[in-house]
Amino acid sequence: MSAPGKADAIARANIALAKYWGKSDDRLNLPAVPSLSITLDPMRTETRVELDERLDADVFELDGKVALPKETARVTAMLDRVRAESGIAAKARVTSRNHFPTASGLASSASGFAALAAASRAAYGLARDDAKASAMARRASASAARSIYGGFVELPAGEPGDDVLSAIPRHDASHWDLRVVVAVITEGRKDVGSREGMGHSRETSPYWRAWVESAPKMCAVIREAIAARDYERLGPVVEQSFTTMHALAFTSSPSTMYFQPASIAALQTVKQLRDRGVPVWPTMDAGPHVKAMCPGEAAAQVEEALAGTPGVLRVLHARPGAGVEVG
């Protein structure tokens with residue numbers, strides 16, 4: 001903690017190789033399927049929480065602007081849980097900055113709520129406990145549970161009522177030099193948020209049950225392939241996990257579509273690279289951006305090809321990163 005009542009935290013976004021989509025318990029925000037991700041450096045969020053007894057309500061500033069009321073409400077919900085655990089009633093001033101596009105499908109909510117959980121617990125004087133911070137972050141955004149830890153991280157499926165569910169660190173960042181080259185398609189916010197989209201899929205897609213049954217099997221293969229550093233086994237299942245997730249969104253009624261024309265172009269670029277022998281496989285979250293996973297030695301070639309793809313605004317080059325840092 002940098003001073004009593006004030007703390008800073010840095011957390012990094014993550015990209016799920018085994019996708020999470022859908023909840024088993026809406027109230028506790030528990031995932032219906034397991035997921036496994038890479039924490040990404042340098043895609044980070046910096047957050048400061050400062051207690052201020054003069055405030056009547058929490059104040060939240062995001063990327064230099066006063067946050068939207070619904071965003072502030074989610075921050076206050078997490079702070080209320082911290083206040084209940086610490087016994088300190090003071091409201092807080094929260095400032096947060098993302099060093100990559102916000103709310104556009106690049107997991108800014110994951111890094112944002114992970115940083116908030118860590119910083120708020122420190123600011124309110126609670127001892128560092130990453131499992132508790134992960135469970136707290138999960139209540140706000142399930143993917144945020146994984147961003148508490150670095151490297152390769154799994155979030156198991158949650159049984160309804162299991163409010164202590166937290167992520168499990170499988171391997172640290174030094175385990176495997178996998179790279180993720182992100183083709184940024186838009187800088188704006190996406191039209192349909194993840195929470196809304198996955199709820200709609202659960203209620204209307206005829207393939208929801210098949211997804212819940214197949215996702216754990218894909219996650220198990222991905223877990224084993226990462227442990228063995230078996231890229232040939234890992235790549236096809238990573239692709240299948242994201243295409244199955246998006247098929248669920250497509251087959252909702254009405255359909256939810258996160259793809260844009262440039263997304264298709266970037267996916268074609270990845271396929272063409274692989275046809276030429278470059279070891280690269282794609283994945284996408286609930287947004288238009290394409291993330292190309294490849295070994296470190298292929299990253300420069302992938303970066304150059306995606307940067308030259310029509311409609312791609314810019315590319316980000318990420319590698320396995322550290323867990324949350326608190327100062």
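Within what distance do the axes of helix 1 and helix 3 come, and at what angle do they cross? The legends below begin with this pair.

**Figure 1. Packing of helix 1 against helix 3 in the predicted model.** The model is predicted: local features need pLDDT of at least 70, side-chain atom pairs count only at pLDDT 80 or more, and totals for chains, interfaces and linings use all residues. Residues are numbered from 1 along each chain as its sequence is written, and side-chain values use heavy atoms, with hydrogens and water left out. Two packed helices are described by the angle between their axes and the distance between the axes. The axes of helix 1 (residues 69-86) and helix 3 (residues 130-140) come within 9 Å and cross at roughly 145 degrees. Axes are lines fitted to C-alpha atoms, for helices over the stretch in contact, and angles run from 0 to 180 degrees between N-to-C directions. The crossing of helix 1 and helix 3 is right-handed; a crossing is left-handed if the near helix is turned anticlockwise from the far one by less than a right angle, and right-handed if clockwise. Helices (H or I, at least four residues) and strands (E, at least two) are DSSP runs, numbered from the N terminus.

**Figure 2. Residues that join helix 1 and helix 3.** Helix 1 contributes Arg74, Met78, Arg81, Val82 and Glu85, which meet Lys132, Met136, Ala137, Arg139 and Ala140 of helix 3. Contact means heavy atoms within 4.5 Å. The residues of this contact divide into 5 nonpolar, no polar and 5 charged. Ala, Val, Leu, Ile, Met, Phe, Trp, Tyr, Cys and Pro count as nonpolar, Asp, Glu, Lys and Arg as charged, and the others, Gly among them, as polar.

Figure 3. Buried means under 20% relative accessible area, exposed over 50%, and partly exposed in between (1.4 Å probe, protein chains only). The side chain of Thr39 reaches the backbone oxygen of Tyr149 at 2.7 Å. Beyond residues up to four places away in sequence, Thr39 touches several residues, including Arg12, Asn14, Arg146, Tyr149, Val153, Arg319 and Pro320.

Figure 4. Pro254 is placed in the loop between helix 7 (231-250) and helix 8 (261-275).

**Figure 5. Positive phi at Asp63 and Arg229.** Asp63 has a positive phi of about 55 degrees although it is not a glycine. This residue, Asp63, occupies the loop between strand 5 (59-62) and strand 6 (65-66) and is partly exposed, with a relative accessible area of 26%. Arg229, not a glycine either, has a positive phi of about 50 degrees. Arg229 lies in the loop between helix 6 (208-228) and helix 7 and is partly exposed, with a relative accessible area of 47%.

**Figure 6. Position of Ala84 in helix 1.** Ala84 is exposed, with a relative accessible area of 63%. Ala84 and Asp191 are 107 residues apart in sequence and 34 Å apart in space, C-alpha to C-alpha.

Conventions
A polar contact is a pair of N or O atoms within 3.5 Å; within protein, one must be able to donate a hydrogen and the other to accept it, and residues adjacent in sequence count only if both atoms are side-chain atoms.
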